[in-house]
Amino acid sequence: MLPETNWLHELLSSLKTPGVEIVGGGTNMLHNSIYNKTFAAFWYFRDSLKNTDEFEIKSTFWANNFAARRDLLIKYPFPNIRPMFRMSCIFLAQKLRDAGTTIYRNNKAKVYHPPPNGINHFMVRALIEGHDSQMARKLFNHKTRYHKIPFPIKNCYRAARSIYQIIISRKAVNLAFIELPIAFSIAVSYQFFVCLGEFTAIINPKLINGNLRI
Amino acid sequence: MEPTNNWTESISLIIEWENVLLSQTHNSRKMLYRVIDEILSMNFILQPEVMILFDPEDIQKDSLISFIQNAHPEYEKINLKVISVSGLKYFEMKNYGAAVAVWRYPRFFRL
């Protein structure tokens with residue numbers, strides 16, 4: 001995670017605004033290699049694609065880049081949703097919204113998130129993503145059509161969506177046309193391991209949770 | 001946001017040293033360097049508290065401290081606290097950090 005200049009100033013300035021109890025920053029990815037550009041195009045952290053410096057109201061925040069008043073976090077800690085690795089921030093955001101707290105984002109408070117580092121980390125991140133997806137399906141009775149799509153159809157959909165996201169974000173992340181096949185291969189490989197993680201969580205939920213660290 | 005001359009607010013920065021083993025050491029060093037630079041560039045009346053939470057099963061405290069010392073030449077100007085927490089996961093570390101933070105605005109940052 002690399003903060004940009006004035007990141008702390010921006011985050012804290014937002015928090016000084018009356019009525020602001022929690023503010024997130026923008027989490028971006030660098031566009032300096034095919035690998036980075038691919039992840040910038042299809043992974044979670046796509047803030048830089050919007051190219052906005054707005055101070056805005058959001059439904060959620062990135063847990064890797066936010067500031068909040070301590071009282072708020074003591075009252076509303078991140079929920080413990082073991083055996084999941086991630087997603088606590090989504091449920092905390094939901095809880096805060098239900099309690100009437102507005103979540104702000106200052107897009108000028110930028111940090112850069114690295115993509116998975118090396119093959120091992122690449123596989124671990126994807127396996128955990130698949131594991132969490134399956135756990136979320138079991139633990140939370142999602143009502144949306146997307147969450148009702150069964151395994152492994154959902155994973156095929158994800159792979160197709162990743163390719164689509166790469167195509168539509170190609171210019172924003174400066175991916176050359178000739179680089180597209182490599183980008184597609186990276187994204188589809190990642191989604192393959194996500195699928196594997198989901199499958200593993202179906203047959204043995206403790207296998208990933210007990211053996212992997214993100 | 002317009003820059004201000006002095007910051008009267010007290011803040012705590014919480015850094016979870018959770019996936020550092022999988023992240024590039026070079027990136028982690030650059031991150032620490034920039035965080036320290038950001039703090040030093042702002043005129044805080046009250047010195048911010050920077051808490052680095054780690055699991056002793058992942059990394060030894062001495063090597064983490066040595067890593068921090070090498071990350072920025074002016075690290076001594078920062079109120080750094082290296083805190084050992086066993087068995088806590090990412091979000092649990094955040095909750096722990098918020099609970100023990102001294103200052104008013106905990107801010108979270110993950111490696």
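## Ground rules

The model is predicted: local features need pLDDT of at least 70, side-chain atom pairs count only at pLDDT 80 or more, and totals for chains, interfaces and linings use all residues. Residues are numbered from 1 along each chain as its sequence is written, chains are lettered from A and ligands numbered from 1 in the order in which they are written, and side-chain values use heavy atoms, leaving out hydrogens and water.

## Two domains in chain A

Chain A splits into domain 1 (2-112) and domain 2 (118-211). These bounds come from an automatic or database domain assignment. The C-alpha centres of the two domains of chain A are 22 Å apart. Domain 1 of chain A brings 20 residues to the contact, and domain 2 of chain A brings 28 residues. Contact here means heavy atoms within 4.5 Å.

Together the two domains of chain A bury about 2300 Å². Of that area, 70% is on carbon and sulfur atoms. Buried area is the accessible area (1.4 Å probe) that two parts lose on being put together, summed over both.

## Links across the interface

The count between the two domains of chain A is 1 salt bridge. The side chains of A:Lys37 and A:Glu179 meet in a salt bridge, at 3.4 Å from N to O. The rule asks for a side-chain nitrogen of Lys or Arg within 4 Å of a carboxyl oxygen of Asp or Glu.

Helix α2 (residues 34-42) of chain A gives 8 residues, the largest share of the side of domain 1 that touches domain 2. Helices (H or I, at least four residues) and strands (E, at least two) are DSSP runs, numbered from the N terminus.

## The fold of chain B

Chain B has 3 helices and 4 strands. Along the sequence they run β-α-β-α-β-α-β. Of the 111 residues of chain B, 55% are buried, meaning under 20% relative accessible area (1.4 Å probe, protein chains only).

## A tyrosine in a loop

B:Tyr75 sits in the loop between α2 (61-71) and β3 (79-84) of chain B. Leaving out residues up to four places away in sequence, B:Tyr75 touches B:Ile36, B:Ile68, B:Gln69 and B:Leu80. B:Tyr75 and B:Leu40 are 35 residues apart in sequence, yet 9.5 Å apart in space, C-alpha to C-alpha.

Definitions and conventions: Buried means under 20% relative accessible area, exposed over 50%, partly exposed in between (1.4 Å probe, protein chains only).
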